[in-house]
Amino acid sequence: MDSGSIAWMLTASALVLLMTPGLAFFYGGLVRAKNVVNTIMYSFIAMALATVVWVLWGYSLAFGPGSAFIGDLSAIGLQGIGIDDGEGVPTLLFVAFQGMFAIITPALITGAFVERFKFTTYLVFLVLWLTLVYAPICHWVWHENGWLWDMGALDFAGGTVVHINAGIAAVAAAMMVGKRRNPGIEPHNVPYVVLGAGLLWFGWFGFNAGSAVAADTLAVSAFIVTNVAAATAALTWGLISHMRTGKMSAVGVATGAVAGLVAITPASGFVGVMGALAIGASAGAICLFAVDIIKGMGLDDALDVFAVHGLGGIIGALLTGVFAVEAIGGTAGVIEGNAGVMGPQIIGILATLGYSLVVTMAILFVLDKIPGLGLRASEAAEDQGMDISAHGERAFVRDGAD
Amino acid sequence: MLKIEAIFRPERVNAVSTALLDAGVTGFHYQNVTGQGQQRGVEVVTGRGGQATTRSAVPKTLLVTVIADDKKDEVVEAIVSATRSGEIGDGKIFITEVRDVVRVRTGESGADAI
């Protein structure tokens, strides 16, 4: 065992956990004041529920040997994983680290259906989605038996598994639950949005540099490219917003940072700083325009999950193949003359898009039909606000006497 | 008795308070309101920084006080002098008749209760 790596991976795991409350505030600030508790709870409850699912069967389905398509039940309840199993870092620490990814991925989807999705149904959805969508795709990409791993698809920290997967599931969810009846015009709390994006940026160092699963030079490289891509995308988004409206939007800069972080995620162990600059600039520009285009298509993906995470993940996965540097991650990209790397990247993207879209829609279709569940909160609940109707709590009590 | 409802720029509220007390007003209350007049709305940026939209979101302060009939000119002048900048958006004053006033502590009514 390598005590340095253990220390770093414990830290990285905690950093990735912090991303989920960060996401809660990022999303929470963007909705109306009557829905902020509900929006935050979609993320926060994932920390509780996804952790339990992960240790009971999620880890085993994702990282059990199984087949090329899914793990098995050999490590159900983490049975058979000894306290000192593993090389470099203990297997249990890898379980904990990966569990944090299983928390944030379904939480990302919730941005699509905020302000109208029934909370109780969400809890059931979360369990089913982790089991039927997240675990298999995680296995495809990150287990040595997985078919995408075998094909050589590059995804260092989860561009495919986390972001494309959550982004397309968000499209499925927005389609199935339908549009909000009266969407708000402005975010209710811009400081929450910026605070959330700041926590995401901070936690992302654990997400990407932790995906080296060691305290080594690859982790250092992933750390710096993560920062560079986030910075470049934030700057790009901010400048374009300034050109379009004459003002630099704080929500725009914060969203740009997140788009850059998403795009560098698959690339973070493969590209250098110049690649990160290009990836950040591409994500900052393309995702900004995608926000408008997708809104124009009439899909109420309320908090632009597909534009930022889905498309950001796709940009990242493609540009990983373009900018990969052999001296960093062991694989040369198109610029270094290895065009063959693009095939597996494209197949990985398409397979994730297709599988996640179809299975997520199927899960939601079934949940909608089950008496007592259903996807959509009642009109009265939506009008009153999900905070009072789902939780009996308000974010801001303004009754004068208190 | 007259009810004075004055809408003005929020940053003038301290000047108005002082002017009203100088004019002999015995009490008033105010709240922050949002609305639209000749100044129209305010431009806000939406769509993740991608679009500018105008909405009726100009913040103003609405102050309410009740005065004796003979105080009208003095109080109106106090409010105007404390709020006028000459630009669109200075606000408006509404004056209505009040049928009765009751002071809760003593049960007095009419002009004595103001």
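A: Chain B has two helices and six strands, where helices (H or I, at least four residues) and strands (E, at least two) are DSSP runs numbered from the N terminus. This is a predicted model, with pLDDT of at least 70 needed for local features and 80 or more for side-chain atom pairs, while totals for chains, interfaces and linings use all residues. Residues are numbered from 1 along each chain as its sequence is written, with chains lettered from A and ligands numbered from 1 in the order in which they are written.

Along the sequence, chain B goes β-α-β-β-β-β-α-β. Now for the pairing, which takes at least two DSSP bridges between two strands. Strand β1 (residues 2–8) of chain B runs antiparallel to strand β5 (residues 58–67) of chain B, joined by seven bridges. One pair to look for is A6(B), whose bridge partner in β5(B) is L63(B). Strand β2 (residues 29–35) of chain B is also antiparallel to β5(B), again with seven bridges, and there G35(B) sits opposite V58(B).

As for overall shape, the C-alpha trace of chain B spans about 60 × 30 × 20 Å along its principal axes. Its radius of gyration is 17 Å, whereas a compact globule of 114 residues would come out near 13 Å (taken over C-alpha atoms; the globule rule is 2.2 Å times the number of residues to the power 0.38). Of contacts in chain B with a separation of 6 or more, 70% link residues 24 or more positions apart, a contact being two C-beta atoms, placed from the backbone, within 7 Å.
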